[in-house]
Amino acid sequence: MKEKTKRQDGFRRGAGGVFKCRGCGKQTRATNETLGFKTCPPCYEIGGMLNGLSDGNVTVAEFMATCESLKGFDAELHLDSYAQHVIKEALEWERENS
Ligand SMILES: [Zn+2]
C-alpha cells in the first residue's frame, strides 16, 4: 500500500501561490486585493496612488506618508523611474500652484 505524501512546508505553488511582482520583480504572494494584478502589495498600493497623484487628488506629502506606512516598502525597489517622474511633476505643480 502506498503512503500518501503530504507536503508540510506550507509553501503552495500554482494558483494563489508565489509569483514574481511585475512592478519590482520581488517574489511575492497574492492577497485578496492584489489577486489578478501580479504585483506585490506595496506596488499595488503605489500604482493606485500614482494615479491619484498625477490627477492631483493626492499631494506628494500624502503620497510619501502612505508609502512609508506600507509594509515592506522600499523606496529604491518600489519607486521606479515612472513613479519618480510622477512625483517630480506633482512637486513642480504644487510649487507653481501654492
Ligand atoms: Zn512589487
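## Order of elements

From the N terminus, the chain runs β-β-α-α-α-α. That makes four helices and two strands. Helices here are DSSP runs of H or I with at least four residues, strands are runs of E with at least two, and both are numbered from the N terminus.

This is a predicted model: local features need pLDDT of at least 70, side-chain atom pairs count only at pLDDT 80 or more, and totals for chains, interfaces and linings use all residues. Residues are numbered from 1 along each chain as its sequence is written.

## Confidence

pLDDT is the predictor's confidence in each residue, from 0 to 100. The chain has a mean pLDDT of 85, and 84% of its residues reach 70 or more. Among the elements, α2 has the highest mean, 97. Strand β2 (residues 27-29) has the lowest, 87.

## Burial and contacts

The chain has 98 residues, and 19% of them count as buried. A buried residue has 20 or more other C-beta atoms within 10 Å of its own, with C-beta atoms placed from the backbone. Two residues are in contact if their C-beta atoms, placed from the backbone, lie within 7 Å. Take the contacts between residues at least 6 apart in sequence: 42% join residues at least 24 apart.

## Helix α1

Helix α1 covers residues 41-55. Its 15 residues should span 21 Å at 1.5 Å a residue, because the expected span is 1.5 Å times one less than the number of residues. The end C-alpha atoms are 22 Å apart, which agrees. G56 follows α1 and has a positive phi, near 85 degrees.

The buried residues of α1 are P42, C43, Y44, E45, I46, M49, L50 and L53. Their cover includes α2 (60-69), α3 (75-78) and α4 (81-96).

## Nonpolar core

A nonpolar core is a set of buried Ala, Val, Leu, Ile, Met, Phe, Trp, Tyr and Cys residues joined through C-beta atoms within 7 Å. The largest one has 12 residues: C21, C40, C43, Y44, I46, M49, L50, L53, F63, L79, A83 and A90. α1 and α4 each supply at least two residues of this core. The largest share, six residues, comes from α1.

F63 is in this core. Beyond its neighbours within four places in sequence, F63 contacts M49, L53 and V58.

## T28 in strand β2

T28 sits in strand β2. T28 counts as buried because it has 21 C-beta neighbours inside 10 Å. Leaving aside neighbours within four places in sequence, T28 contacts V18, F19, C21 and C40. T28 and T39 are 11 residues apart in sequence, and their C-alpha atoms are 7.7 Å apart in space.
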